[in-house]
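Subject: Structure handover

Hello,

I am passing a structure on to you today. Please open it first, then read my notes beside it.

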Amino acid sequence: MSRYRPPSAPVSNYITPEGERALSEELEYLWRKERPIVTQQVSDAAALGDRSENAEYIYGKKRLREIDRRVRFLRKRLEHLIIVDQLPSNQAKIYFGAWVELFDEQGQVLKVRLVGPDEIDPKRNYISIDSPLGKAIMGKQLDDEINFKSPSGIKHYCIEHIEYHKS
């Protein structure tokens, strides 16, 4: 009997063309490059004899399961993704793919880009449209003030700049 896990929250199926390319490249790399190498390593380790105490064999089989799990996930996910490659007709409002500059109460600037959940990257300031901040700024326009609940408390921002880049 397995442990109960509550259903995961639904996520958006939107992705930018760059994000779709990155997922496709990861899938291609795992399937065509890494998996054959790991398969050969497992085969070589199995030829050495006793598999029950063969760490290389055990680790290789575990790595193969991880690769196969990720490949299955990527294939299934790529089937359902909706690639957003058109700019919105009203670029004065914040929609998917927008770069947004926000100012907080202390005058500090936060520049973020709204992307799908598969593209989140804190180093590049890519946030999900499903995140609390993403939901709070979606559909807003210049000079709108937003309040949203973050893990560290209520945050207040003012929207100072919105821009879109053609992919």
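This is a predicted model: local features need pLDDT of at least 70, side-chain atom pairs count only at pLDDT 80 or more; totals for chains, interfaces and linings use all residues.

Five strands make up an open sheet. Their order is β5-β4-β3-β7-β6, and the pairing is mixed. At the edges sit β5 and β6, the latter covering residues 145–150. Each of these two pairs on one side only. From one strand to the next, the twist averages 45 degrees.

Look at β6 and its partner, β7, which spans residues 153–163. The two run antiparallel, and six bridges join them. Together β6 and β7 form a hairpin, with two residues between them. Ser-150 stands opposite Gly-153 of β7.

Which residues of β6 lie on its covered face? They are Ile-146, Phe-148 and Ser-150. The uncovered face carries Glu-145, Asn-147 and Lys-149. In a regular strand, side chains alternate between the two faces of the sheet.

Salt bridges

How many salt bridges does the structure hold? There are eight. Three of them are worth a look here.

Start with Glu-18 and Arg-113. Their closest N and O atoms are 3.2 Å apart. Are the two partners buried or exposed? Glu-18 counts as partly exposed because its relative accessible area is 29%. Arg-113 counts as buried because its relative accessible area is 6%, and the cut-off is under 20%.

Next come Glu-34 and Arg-63. Their side chains meet in a salt bridge at 2.5 Å, N to O. Again distant parts of the chain are linked: Glu-34 is in helix α1, and Arg-63 is in helix α2 (residues 55–80). They are 29 residues apart. Both Glu-34 and Arg-63 are buried.

Then take Asp-118 and Arg-77. Their side chains meet at 2.8 Å, N to O, in a salt bridge. Asp-118 is in the loop between β4 and β5, while Arg-77 is in helix α2. The two are 41 residues apart, and this pair too links distant parts of the chain. Asp-118 is partly exposed, at a relative accessible area of 25%. Arg-77 is buried, at 11%.

There is also a network. Salt bridges with shared partners join Glu-34, Arg-63 and Glu-66 into one.

Ser-131

Last, find Ser-131. Where does Ser-131 sit? Its place is in the loop between β5 (126–128) and α3 (132–137). Why is Ser-131 called buried? Its relative accessible area is 19%, and buried means under 20%, so Ser-131 qualifies. Its side chain also has a polar atom that lies 3.0 Å from the backbone nitrogen of Gly-134.

Best wishes

Methods. Residues are numbered from 1 along each chain as its sequence is written. Side-chain values use heavy atoms; hydrogens and water are left out. Helices (H or I, at least four residues) and strands (E, at least two) are DSSP runs, numbered from the N terminus. Buried means under 20% relative accessible area, exposed over 50%, partly exposed in between (1.4 Å probe, protein chains only). A polar contact is a pair of N or O atoms within 3.5 Å; within protein, one must be able to donate a hydrogen and the other to accept it, and residues adjacent in sequence count only if both atoms are side-chain atoms. Two strands pair if DSSP finds at least two bridges between them. Axes are lines fitted to C-alpha atoms, for helices over the stretch in contact, and angles run from 0 to 180 degrees between N-to-C directions. A salt bridge is a side-chain nitrogen of Lys or Arg within 4 Å of a carboxyl oxygen of Asp or Glu.
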